[in-house]
Amino acid sequence: MYQNPRGTRDFNPEEMQKRKIVEESIRSIFQKYGYKEVQTPIFENLELFTAKSGETIINELYSFVDKGGREIALRPELTAPVIRFYVEKLQMKPKPLKLFYFGNCFRYDRPQKGRYREFKQAGCELIGTVNPEALAELIAMAYKILENSGLTNIHLNIGNLNVLSAIFKKLNLPKDKQSYLIPLIDKSMFEDLLEALSDFGISPKDSSTFLDILQTTDLNKIQEFVKTDKDAQEEILKLKEILAFLDNSFKIKNYTIKMSIVRGLDYYKGLVFEIEAPKLGAEKQLCGGGEYELIPLFGGKETPTSGFAIGFDRTILALETEKYKFPAQQIDAFIIPVSDDMITESLRIAQELRKIDASIDIDLMRRGISKSLKYANSINAKKAIIIGPNELEKSTVTIKNMETGEQTTVKITDLKNNFKS
Ligand code: HAM
């Protein structure tokens, strides 16, 4: 017996039904905000992902050399591919360019609940502006997408990498030491962080202030701490404008300032944000995004960019954790030919009803009525249409309502009226 590779999953029809519902709900919100869908290849030249992050990222990728000797990687995310596409073919489009996508991504991660080697993202890129209203709309859209999918327990965290870097500057630590600390900050491992700071010769007083600023949710306190840093001050003023739009125009108040957001990818700068489902435990991050810079690196004309991606699989897990009731997949009718000589007419009737967009299944196994009715029940058929010789002689069929059990005789010529939506 064969098994699927580690970290991958198969989805049965019930799971696919949930995924389709969530996908449609996400798509409808992107479209409401004026975003247009794009698609890029599942594999790219490896260079696309090492250009910014360096060779170390290869450890986290599925990469291989193809038969033509090219170094290829399965995409770990879609921002770099979409920006490659933009630089190659879309630069002349009017701005802002609002692009969204769905796509499977591949990361050589250690699999666990909510963390897979193949997973699906729904994401977007906003190209051409990072005005405060643009960033506020981006964050609000991410929030509304998750809310609209049916989730009730989500939380938005907002940070800023330029401000974080100003906070770091106060410690006078070289880059390599900062790089050591960043994963600890990312994982909120504050005790280990304190220990590392002490090892790096930072005084207990400075360490404790650093930690305090990383953990505070009070933006004014952070502003005061970095008041000598001009760039950080500008970022904080802009962040305040973004928050005002979120509060006043989008009515989103359920957020926390969190300067310890570092994001895992190397292209971010400025505003960053994450949305989590607190009940999901370790893999609770549903969405991540912010401002970033990739266009000049890929040879395009400098243009401001931002975006986010939502972990599709985790969104479904979060809905399941909240016991969200997904509607079951139904079929309008299941046709049962009572005997073999009824099959031709039954197939014809099925085709007629499908023409008016009814979903129709038909017994293909020549079973008796009772077994067919049982099957009709198992596939959630709303009605069973029983086609027998006595009825057919009178140009009628029997319709059984599968929910109530009620049976009616209907003229074949009137059948379509029973299925018009
Ligand atoms: P990311 O934070 O790496 O950002 O991924 C976005 C989301 O994908 C995460 O919040 C998480 O829900 C989901 N995710 C990541 N890894 C896995 C995994 N192994 N299994 C299941 N779900 C996972 C990005 O990918 C950026 N490209 C987002 C972005 C778009 N930034 C700007 N534009």
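Start at tyrosine 116: in this predicted model, one of its backbone N or O atoms sits 2.9 Å from a nitrogen atom of the ligand. Aspartate 109 also reaches a ligand nitrogen, this time through its side chain, where an N or O atom is 3.0 Å away. Over at leucine 286, a backbone N or O atom lies 3.3 Å from an oxygen atom of the ligand. So how much of the ligand does the protein cover? On its own the ligand has 660 Å² of accessible area, and the protein covers 96% of that.

Now step back to the whole shell. The ligand is surrounded by 27 residues, and the closest are Glu77, Thr79, Glu125, Tyr268 and Gln285. Sorted by class, the shell has 12 nonpolar residues, eight polar ones and seven charged ones. Which elements give two or more residues to it? Those are strand S6 (118–127), strand S10 (285–292) and strand S11 (305–311). S10 gives the most, with six residues.

From S6 you can walk on to strand S5, residues 97–106. These two strands run antiparallel and are joined by 10 bridges; one to look for pairs glycine 103 with glutamine 121 in S6. S5 also has a link to strand S1 (residues 36–37), made by two bridges, and here the strands run parallel. Lysine 36 has leucine 99 in S5 as its bridge partner. Is S5 mostly covered or mostly open? Mostly covered: nine of its 10 residues are buried.

Terms used. Residues numbered from 1 in each chain as written. Predicted model: local features only at pLDDT ≥ 70, side-chain atom pairs only at ≥ 80, totals over all residues. Heavy atoms only, no water. Near = heavy atom within 4 Å. Polar contact = N/O pair within 3.5 Å; in protein donor to acceptor, adjacent residues only side chain to side chain. Areas by Shrake-Rupley, 256 points an atom, 1.4 Å probe, with all protein chains shown as cover. Helix = DSSP H or I, 4+ residues; strand = E, 2+ residues; numbered from the N terminus. Nonpolar A, V, L, I, M, F, W, Y, C, P; charged D, E, K, R; others polar. Buried < 20%, exposed > 50% of the residue type's maximum accessible area, 1.4 Å probe, protein only. Pairing = 2+ DSSP bridges.
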